[in-house]
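Reader: Hi! I'm new to this, so could you take me through the aromatic rings here and whatever sits around them?

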Amino acid sequence: MKSILVAVFLLFYMIRAYGVDYKKEEVQFFSHNTKLSGTIVFPKEKEIHAAVVFVHGSGKQARNIYWAEQFAAQGIAALVYDKRGAGESGGKYESEQSVSEKNIVLLADYAVAALMVLSQHPALKDAPVGLAGISQAGWIVPIAAEKSPIAKFMVLWSGPVCKVSEEDIYSKYTTDKDDKKVPGYHEALSARKEKYVWPEFLGKDSDPGDSLVKLKIPGLWIFGADDGSVPVDLSIQRLNAIRKLGHTYDYVLFSGLGHNNMPETFSTATSWIIRKSQ
C-alpha cells in the first residue's frame, strides 16, 4: 500500500511539472583536489525565488535530476551533483567509513564548493541560496552552513539531530525498518546488552548540534513519525532545546510517513523556502 501511495505522489508531481520548460546547465567544480560534476536546473519561464544545493543521503549516489526538476517546477533553481566516486565525479567513494569525522567534513566541503558555484551564477545574483538534503545530509548540511556565510537557509528531510553513535544505536535496534509503532530512542538504548563504544579511528562522533547552535539562518526539518532509521523523538527533543536559544528552526512531523518521505512532503519544503526567501 505504501509503495502505491508513493507512486501516486510521484505521478502527481510529474503531472504538475508537465509542460514546465527547464534550462539545464552542466557544471564542474573542485574541492580537495577532486573534480565533481553536476547539473543546475533552472525554471525557464518562472520567476526564480531561491536556489538550493541538494546534498545526498548515504550510499554511492549520482546526481538526482528528478528532484532538481521538482525544485525548478516551483521556481527554485537546484544544483545536484554526483557524489565523490560516483557518476562523472572523481575521487574514491568511501564505503567503509562513511560516517567518520573525516568523511562527513569532506562531504560538507563538497557542499560548500557546490554552494559557491551556485551563488556565483549570473542568473542567480539576486536569489538567496541554501542547502537541502535527506538523511545523512543531517550531519553534513549544518557543517557546510557553518563553513559558508553564503548559505541563507537549510531544509532537511529525515535529518538526524543527534550524534552518529545515537543514530547507530537506534537503527541497529530497529534494523532500519519503518513501522507504525517505531520505538523511542530510550527503548533502543535500554535494550543494549553492552555499552556502546565509539571507535576512536572514526574521529569525532559528529553532532549537528555543534554547528546548529552557532548558525543564524532559518532551517526546516521534515520528519516521518514511522521513521525506523533516525530517532525522531530524540531529534525533535534536541531541536527544541536549540530552538529555545533563539534559533529560527522549524520542524514538521508527518504521521503515517517513514524515512523516505520526500514525495509526500515536497510541497511543504518548497513553500517554506519561498516564504523565507521573500
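Author: Let's start with a charge over a ring: Lys 23 lies over the face of Phe 42, 5.5 Å from the ring centre. That label needs NZ of Lys or CZ of Arg within 6 Å of the ring centre and within 35 degrees of the ring normal. Keep in mind that this is a predicted model, where local features need pLDDT of at least 70, side-chain atom pairs count only at pLDDT 80 or more, and totals for chains, interfaces and linings use all residues. Residues are numbered from 1 along each chain as its sequence is written, and side-chain values use heavy atoms, leaving out hydrogens and water.

Now for rings with rings: there are eight aromatic pairs in the structure (rings of Phe, Tyr and Trp, the last by its six-membered ring, with centres within 6.5 Å; planes under 30 degrees apart are stacked, over 60 edge-to-face, the rest tilted). Trp 157 and Phe 266 make a stacked one, with 5.8 Å between centres and 0° between planes. Trp 157 sits in strand 6 (residues 154-157) and Phe 266 in helix 9 (residues 262-277), so the pair links parts of the chain 109 residues apart; helices (H or I, at least four residues) and strands (E, at least two) are DSSP runs numbered from the N terminus. Both Trp 157 and Phe 266 are buried (under 20% relative accessible area, with exposed over 50% and partly exposed in between, using a 1.4 Å probe and protein chains only). They also belong to one aromatic cluster with Phe 54, Tyr 66, Trp 67 and Phe 71.

Helix 9 also holds Thr 270, which counts as buried because its relative accessibility is 3%. Beyond its neighbours within four places in sequence, Thr 270 is in contact (heavy atoms within 4.5 Å) with Phe 71, Gln 74 and Ile 76.
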